[in-house]
Amino acid sequence: MIRHPLFASLGLIGVMLAASAFALGQMPADARIAVHFDLNGRPDGFADAWIAFLLMPGIALAATMLFALLPRLEPRAANLARSGKAYVTTWHALILLLAACHALLVGNALGLA
């Protein structure tokens, strides 16, 4: 049950890290990147480029580790196994949401969005 979502998540995190590396190469060393936006789409929170570009991949990696280890830690593993499809769907949805947010952040920093 765990192998496919784990590999998919790690692959997507790899893509996120590659986008981060590319974006870091395009930014000046002292760049401040918009990481939070108000309801009108105006930036109202900024971070150093390293933090901005590694935050989402880091959160995605932590979530992936949690989702991968949870079946081993859950005392009622049989119940979790019965809801495996919902579990994997939730896992994928969270990683895809983080990847989409990361893509928007990188695109905005590069002037693409």
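**Reading the terms**

Analyst: Asp-48 counts as partly exposed because its relative accessibility is 39%, and the term covers values between buried (under 20% relative accessible area) and exposed (over 50%), with a 1.4 Å probe and protein chains only. The model is predicted, so local features need pLDDT of at least 70 and side-chain atom pairs count only at pLDDT 80 or more, while totals for chains, interfaces and linings use all residues. Residues are numbered from 1 along each chain as its sequence is written, and side-chain values use heavy atoms, with hydrogens and water left out.

User: What makes the contact between the side chains of Arg-32 and Asp-48 a salt bridge?

Analyst: A salt bridge is a side-chain nitrogen of Lys or Arg within 4 Å of a carboxyl oxygen of Asp or Glu. For Arg-32 and Asp-48 the distance from N to O is 2.9 Å, and therefore the pair qualifies. The two residues belong to distant parts of the chain, Arg-32 in strand S1 (residues 32–37) and Asp-48 in strand S2 (residues 43–48), 16 residues apart. In general, side chains of opposite charge can pair when their charged atoms come close.

User: How many salt bridges does the structure hold?

Analyst: The structure holds two salt bridges.

User: Which elements are called helices and strands, and in what order do they run?

Analyst: Helices (H or I, at least four residues) and strands (E, at least two) are DSSP runs, numbered from the N terminus. By that rule the protein has four helices and two strands, and from the N terminus on they run α-β-β-α-α-α.

User: Why is Ala-52 called buried?

Analyst: Ala-52 has a relative accessible area of 3%, and because the limit for buried is under 20%, Ala-52 is buried. Ala-52 has its place in helix H2 and, leaving aside residues up to four places away in sequence, touches Ile-33, Val-35, Ala-47 and Leu-105, where contact means heavy atoms within 4.5 Å. The C-alpha atoms of Ala-52 and Leu-105 are separated by 8.0 Å, although the two residues are 53 residues apart along the chain. In the protein as a whole, buried residues make up 33% of the 113 residues.

User: Is Gln-26 buried, partly exposed or exposed, and how do you know?

Analyst: Gln-26, whose place is in helix H1, is partly exposed because its relative accessible area is 47%. Gln-26 and Leu-110 are 84 residues apart in sequence, yet 7.7 Å apart in space, C-alpha to C-alpha.

User: What makes Phe-7, Leu-10, Leu-61, Met-65, Leu-66, Leu-69, Leu-70 and Leu-73 a nonpolar patch?

Analyst: Patches are made of residues with over 30% relative accessible area and no salt bridge, where like charges are joined within 9 Å and nonpolar side chains (Val, Leu, Ile, Met, Phe, Trp, Tyr) within 5 Å. Leu-10 in helix H1 has a relative accessible area of 38% and therefore passes the area limit. Together the eight named residues have about 780 Å² of accessible area, a quantity that comes from the Shrake-Rupley method with a 1.4 Å probe, and for residues only the protein chains shown count as cover. Helix H1 (3–26) and helix H2 (49–73) are the elements that give two or more residues to this patch, and H2 supplies the largest share, six residues.
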